[in-house]
Amino acid sequence: MRTIYRGGSRFYVHPENRELIHPGVTSILGMLAKQNFLAPWQAKLTAELAVDSIEFIADMAANDRDGAVDYLKGAARRYTKVRANVGSEAHDLFERLIRGEYVGRVRSDLEPYVKHFREFMEAVNPEFVRAEDVAWSDTYGYAGSFDVWLYVWLDEEGIPTPDRSGVRHLIMGDWKTGKNTYPDVALQLAAYQRADYVIDPDGNREPMPEFDGAAVLHITDETWAFKPVDTGDEVFAEFLRLRGTFDWDRDLSRKVIGKPIAKKSTGKLVTGTQRRAR
């Protein structure tokens with residue numbers, strides 16, 4: 001499915017109707033206020049880079065002060081890019097593994113992710129259903145590519161039974177490879193679950209099924225954890241509020257203030273008395 005970027009946001013183009021374009025789920029989630037932790041985190045990365053590379057920075061500043069400033073300013077951006085690349089490559093490996101494809105040698109920095117994913121597969125023994133297809137909603141106007149649908153078997157306490165002796169559940173799943181998992185994954189999965197239909201890479205579409213739950217698999221280079229995620233009606237209602245905020249930010253906010261109907265004159269003030277005296 002074709003995607004386009006407008007104003008920093010990702011939009012999905014319907015494969016059968018190029019005039020039908022919906023914003024992506026992750027772009028909608030970008031409406032969440034994150035400045036409470038982003039600013040201190042970015043400042044910390046910049047400070048750590050400056051302290052850990054103080055001699056290198058001093059030499060750079062002596063020759064190119066503006067270049068040194070730009071280098072320090074870009075610390076958070078470069079870190080995010082590196083982590084995003086690792087995450088994308090890990091996602092690709094996870095999909096191959098869950099499809100049963102052979103995965104040979106991988107880069108050393110990705111080996112722990114493969115090891116931990118295989119441990120997850122052994123501990124949970126899920127059944128793969130779909131991966132990386134697009135959830136499309138005309139009802140609410142959004143689209144997005146989900147990571148995976150899985151069948152998992154759980155006992156009465158919700159614990160996986162790898163021998164599949166428990167009750168089978170259809171799960172909307174997501175892989176996360178960052179340092180932590182964050183609550184917005186619930187908004188993401190709730191949106192995917194409530195889409196109207198799913199579209200595969202060939203353009204075929206099917207109605208979105210009823211899901212029994214949602215879960216996130218958090219994998220890092222040190223550990224892994226499979227966590228249930230609440231995607232109830234209250235969560236989805238919050239996503240819809242963000243959907244409205246997206247429209248406000250992209251469209252309505254640019255129309256609410258009109259052109260000036262009165263403003264300060266750029267010329268010298270001329271009084272009526274002065275005009276009559278001419």
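Trainee: Where does Gln188 sit?
Mentor: Gln188 has its place in helix 7 (residues 184–193). Helices here are DSSP runs of H or I with at least four residues, strands are runs of E with at least two, and both are numbered from the N terminus. This is a predicted model, where local features need pLDDT of at least 70, side-chain atom pairs count only at pLDDT 80 or more, and totals for chains, interfaces and linings use all residues. Residues are numbered from 1 along each chain as its sequence is written, and side-chain values use heavy atoms, with hydrogens and water left out.

Trainee: Why is Gln188 called buried?
Mentor: Buried means under 20% relative accessible area, exposed means over 50%, and partly exposed lies in between (1.4 Å probe, protein chains only). Gln188 has 8% relative accessibility, so the label is buried.

Trainee: Which residues does Gln188 contact, leaving aside neighbours within four places in sequence?
Mentor: They are Val25, Thr26, Leu29, Asp174 and Lys176. A contact means heavy atoms within 4.5 Å.

Trainee: How many aromatic pairs does the structure hold?
Mentor: There are 15. Rings of Phe, Tyr and Trp (its six-membered ring) pair if their centres lie within 6.5 Å; planes under 30 degrees apart count as stacked, over 60 as edge-to-face and the rest as tilted.

Trainee: What makes Phe56 and Tyr71 an edge-to-face pair?
Mentor: Their ring centres are 5.8 Å apart and their planes stand at 70 degrees, so the pair is edge-to-face. This pair links distant parts of the chain, with Phe56 in helix 3 (residues 54–63) and Tyr71 in helix 4 (residues 65–73), 15 residues apart.

Trainee: Why do Phe56 and Tyr71 get their accessibility labels?
Mentor: Phe56 has a relative accessible area of 46%, so Phe56 is partly exposed. Tyr71, at 27%, therefore counts as partly exposed too.

Trainee: How do you know that Tyr140 and Phe236 form an edge-to-face pair?
Mentor: Check the two values: 5.2 Å from centre to centre, and 80 degrees between the planes. Tyr140 is in the loop between strand 5 (134–137) and strand 6 (142–145), while Phe236 is in helix 8 (residues 233–250), 96 residues apart.

Trainee: Is Phe236 buried or exposed?
Mentor: Phe236 has a relative accessible area of 6%, so Phe236 is buried.

Trainee: What makes the charged end of Arg168 sit over the ring of Tyr151?
Mentor: The rule asks for NZ of Lys or CZ of Arg within 6 Å of the ring centre and within 35 degrees of the ring normal. The charged end of Arg168 is 3.8 Å from the centre of the Tyr151 ring. Likewise, the charged end of Arg205 sits over the ring of Tyr197, 4.3 Å from its centre.

Trainee: What is the strand order in the open sheet of 3 strands?
Mentor: The order is 1-2-3, with antiparallel pairing. Strand 1 (3–6) and strand 3 (21–23) are called edge strands, as each pairs on one side only.

Trainee: How do you know that strand 1 pairs with strand 2?
Mentor: Two strands pair if DSSP finds at least two bridges between them. Here 4 bridges join strand 1 to strand 2 (residues 9–13), running antiparallel. In strand 2, Tyr12 stands opposite Thr3.
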